[in-house]
Amino acid sequence: MFKEFAKGLSITLKHLLPGNCTTVQYPKQKLEMPPRFRGLHRLIPTPDREKCVACYLCPTVCPAKCITVVAAENEAGEKYPAVFEIDILRCIFCGYCVEACPMEAIEMTDAYELANFSRDDFHFDKQRLLKP
Amino acid sequence: MAANTETMTINMGPQHPSTHGVLQLILELDGEIVVKATPHIGFLHRGIEKLSEHRTYHQTIPLTDRLDYLAPMSNNLGYVLAVEKLLGITDEIPERVQRIRVIMTELTRLKSHLVWLACHALDIGAMTVFLYCFRERECITDIYEKVSGARMTSNYFRVGGLADDLPDGLEGEIRTFVESMPAHVEEYEGLLTGNRIWQKRTIGVGEISAEAAIDIGITGPSLRASGVDWDLRRDNPYCGYEDYDFDVPVRTGCDTFDRYRVRLDEMRQSVRIILQALDKLKPGPILADCPKIVLPPKQDVVNNIESLIHHFKIVTEGFKTEPGEIYQGIEAPKGELGFYLIADGSAYPFRMKIRPPSFVNLQGLPQMVEGKLLADVIAVIGTLDIVLGEIDR
Amino acid sequence: MTPEVLTLSETPWLYTGVMLVKIIVAFVATLLIVAYATYAERKIIGRMQTRMGPNMTGPKGLLQPIADGLKLFFKEDIIPSQAHWFAFILAPMMILAPAFISISVIPFGGDLQFSYDGILYAVPMQITDLNIGVLFIVAMAGLGVYGIVLAGLASNSKYALLGGIRSTAQMVSYELAVGLSIVAIFMLSETLSLRGIVAAQQLPLWGLESVSFIPNWYIFCQPLAFGLFVIGSMAEINRTPFDLPEAETELVSGFCTEYSAMKYALFFMAEYANMITVSAIATTLFLGGWGGPFYGWINFLIKVFAFMFFFIWIRATFPRLRYDQLMFLGWKIMLPLALVNIVITGIAILLW
């Protein structure tokens with residue numbers, strides 16, 4: 001009986017020695033996210049506009065129905081999204097929008113610190129989504 | 001004069017440190033002895049079964065992540081296998097996919113058992129084990145993150161294959177981690193197994209006989225600790241489990257201590273399976289050759305009109321199945337996880353019924369704790385390894 | 001020349017002054033140790049659990065206890081509407097006061113000599129040397145139970161009630177075992193004064209000149225009593241593995257479930273103050289008090305801290321016992337062992 005107690009005590013004592021700490025000092029020290037990480041979305045821009053052609057695949061495939069797209073045509077006759085909005089509060093970060101996009105116009109970044117103060121701050125419109 | 005004896009009813013949960021989520025137990029106590037225990041569930045009901053009726057087969061996969069959120073890939077696997085069975089493409093799944101699925105679900109088993117051990121030990125008061133287990137679990141979530149992009153809601157398996165191949169160099173990382181795992185299990189055992197206090201708290205606590213367990217429908221490690229040798233991986237293999245050499249740990253103590261030992265042994269067996277699967281892993285396709293079901297590769301979508309059409313059709317309409325009913329059960333970390341699908345020929349399931357192991361195992365709780373002490377309730381909740389996300393669905 | 005002993009009748013002002021200084025020093029030191037015991041506990045357990053413990057407030061987190069204190073001090077003080085408000089307020093005081101009072105009879109050093117007005121005085125480093133010191137400590141430990149019972153009853157909460165009941169049963173039964181285990185010490189020392197007990201331990205072991213480098217600490221001749229005392233006192237101060245009254249995973253917080261703000265802080269302080277008291281008593285009774293290689297009170301503090309480290313270490317390692325097992329251990333194992341120990345000690349004293 002005492003042998004087992006001593007064994008347990010020795011295991012904890014061993015971990016007391018320096019070098020066993022696994023803590024990452026989070027706000028000061030951040031982990032690098034792997035490339036596949038599914039964080040906040042980003043619309044990929046081209047030099048003059050966004051790559052998105054408003055094909056409606058992402059709002060269709062979205063299981064949480066959090067994407068709103070309204071298509072329009074510009075002067076050159078190209079389709080573009082007049083409105084592209086993601087409600088991050090509804091989003092479940094499944095990555096289906098990225099998988100569905102035929103133009104590779106949407107990607108998921110490694111931004112995961114999404115806390116904010118009001119509900120409106122979680123509506124990401126086109127301008128905010130285009131930011132790198 | 002007769003003593004004034006009354007039982008006391010206490011509400012344990014849904015906000016209680018050790019009901020593992022939002023389980024509510026109405027306990028009738030006579031002193032510290034439990035006279036009657038009534039579990040109340042449903043606080044985490046999100047209607048996943050109903051939601052799935054309005055989503056394509058493809059769109060339901062991320063919902064299954066949220067069933068047993070401690071073992072997301074097992075849920076993914078169960079669902080994906082069920083849909084594949086419904087579509088009749090089970091035999092067309094490439095070998096590499098099978099291997100990766102086995103590796104990931106066995107890692108999931110390790111992950112789930114680590115959280116179980118952590119919380120179980122914490123409930124009984126050994127808080128150091130909690131952090132040691134979470135240290136190892138962290139490595140698995142890191143692997144998850146590299147493979148699927150999320151730490152818990154993996155959404156990695158697809159009908160007919162995988163979302164993506166394993167990233168470069170990850171095989172080595174998995175191997176290093178898995179090879180270090182037995183030493184860690186020894187460490188937990190050093191803190192718990194031989195410890196008199198741990199033995200006193202677990203031996204003879206929450207006993208359930210094999211007959212009673214079978215009557216209730218208890219599955220998984222809880223059943224195997226009651227002496228029933230039943231493991232779907234061996235007795236009804238799926239995903240190529242018949243290729244691997246592993247033992248099914250069975251013990252006959254029927255109590256909390258033996259359930260603990262069975263799970264620790266299972267962790268060692270999982271390590272064996274993962275190592276074998278890694279050895280057998282060969283390069284190959286990661287999607288079945290079923291263009292009407294699986295999404296085509298991205299470069300084909302832009303270059304090939306046929307692929308583009310398939311892509312649009314699958315994304316917008318989903319794929320249709322033949323009308324029919326199927327049941328697919330897998331050995332999830334917590335027991336038999338079953339998906340029962342009724343298809344009416346459309347792209348949506350007519351009805352999806354999930355058989356969550358935790359829900360069924362929880363039914364054993366009242367007879368395991370009645371007549372025991374309050375502290376045993378905690379130990380039994382821990383040993384049943386319930387996850388409320390799965391119970392309430 | 002032999003120093004004079006200060007007395008109230010001959011040098012009233014000097015006596016009062018010295019007394020006040022001693023009280024303030026002992027009290028402040030205890031409070032400081034209480035504060036930093038919480039820090040040390042979090043740090044040590046953190047390291048054992050591969051964490052870091054507090055490290056943000058001040059250098060290496062050293063200001064954490066003060067920050068915690070301030071936070072609790074400014075929090076809203078909630079008294080549940082159905083609680084018995086008087087008993088509810090009284091309870092935390094009832095539990096903290098005895099914990100601190102026990103410190104007053106513990107000798108933390110030898111005599112301090114100083115001259116005043118040409119006369120050499122000797123002051124014992126102890127607030128008061130009661131000739132029934134040990135009884136006083138046992139009595140104070142007994143008083144501590146009332147605080148917990150009151151807290152459990154007054155909160156009008158079922159979890160608190162269960163915690164209160166558990167703790168009463170636990171403290172009452174372990175007090176018996178602890179009390180009996182130290183009876184053997186009095187039989188050897190033939191005094192109840194803690195100062196006398198320490199003085200008796202400064203002699204060579206068993207009076208043998210050949211091993212004069214080993215002091216006559218009672219741990220050597222009473223190892224069983226020592227073991228019983230340490231286990232029993234762990235139970236009495238509700239430390240893991242005997243922390244059932246506040247078993248977080250079972251009873252939420254036990255008897256202090258309904259407490260908040262400073263009242264909660266008082267419970268918390270009492271727990272650590274009790275830990276210090278128990279370590280100090282164990283040091284005094286079994287480890288030769290202030291005796292040792294260094295200057296008086298340094299030896300004493302080293303031994304106390306070693307005990308506290310041991311308690312923290314145990315907490316990091318062991319699971320918690322169950323209520324009935326705890327009672328079994330107390331009444332059926334520790335109590336008979338303590339009795340047997342007394343009988344054996346008695347026979348040994350008679351024979352030699």
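Between chain B and chain A, 16 residue pairs are in polar contact, both residues at pLDDT 80 or more; a polar contact is a pair of N or O atoms within 3.5 Å, where within protein one must be able to donate a hydrogen and the other to accept it, and residues adjacent in sequence count only if both atoms are side-chain atoms. The model is predicted, with pLDDT of at least 70 needed for local features and 80 or more for side-chain atom pairs, while totals for chains, interfaces and linings use all residues. Residues are numbered from 1 along each chain as its sequence is written, chains are lettered from A in the order in which they are written, and side-chain values use heavy atoms, with hydrogens and water left out.

On the side of chain B that touches chain A, two or more residues come from each of α2 (61-65), α5 (127-148), α6 (170-192), α7 (196-202), α12 (298-303) and α13 (305-317) of chain B; helices are DSSP runs (H or I, at least four residues), numbered from the N terminus. The largest contribution to that side, seven residues, is from α5(B). By class, the side of chain B that touches chain A holds 16 nonpolar, 13 polar and 11 charged residues. Here Ala, Val, Leu, Ile, Met, Phe, Trp, Tyr, Cys and Pro count as nonpolar, Asp, Glu, Lys and Arg as charged, and the others, Gly among them, as polar.

The extent of both interfaces is tabulated below, with contact meaning heavy atoms within 4.5 Å and buried area being the accessible area (1.4 Å probe) that two parts lose on being put together, summed over both.

| Interface | Residues in contact | Buried area and carbon and sulfur share |
|---|---|---|
| Chain B and chain A | 40 residues from chain B, 30 residues from chain A | about 3,000 Å², 57% |
| Chain C and chain B | 27 residues from chain C, 34 residues from chain B | about 2,700 Å², 62% |

Two salt bridges link chain B and chain A, a salt bridge being a side-chain nitrogen of Lys or Arg within 4 Å of a carboxyl oxygen of Asp or Glu. One of them joins Glu99(A) and Arg158(B) at 2.6 Å, N to O.

Chain C and chain B also share two salt bridges, including that of Arg322(C) with Asp376(B) at 2.8 Å, N to O. Polar contacts between chain C and chain B number 10 residue pairs, both residues at pLDDT 80 or more. The side of chain C that touches chain B draws at least two residues from each of α1 (12-48), α5 (158-189), α9 (248-251), α11 (296-317) and α12 (323-351) of chain C. Five residues make α5(C) the leading contributor to that side, whose residues comprise 13 nonpolar, five polar and nine charged.
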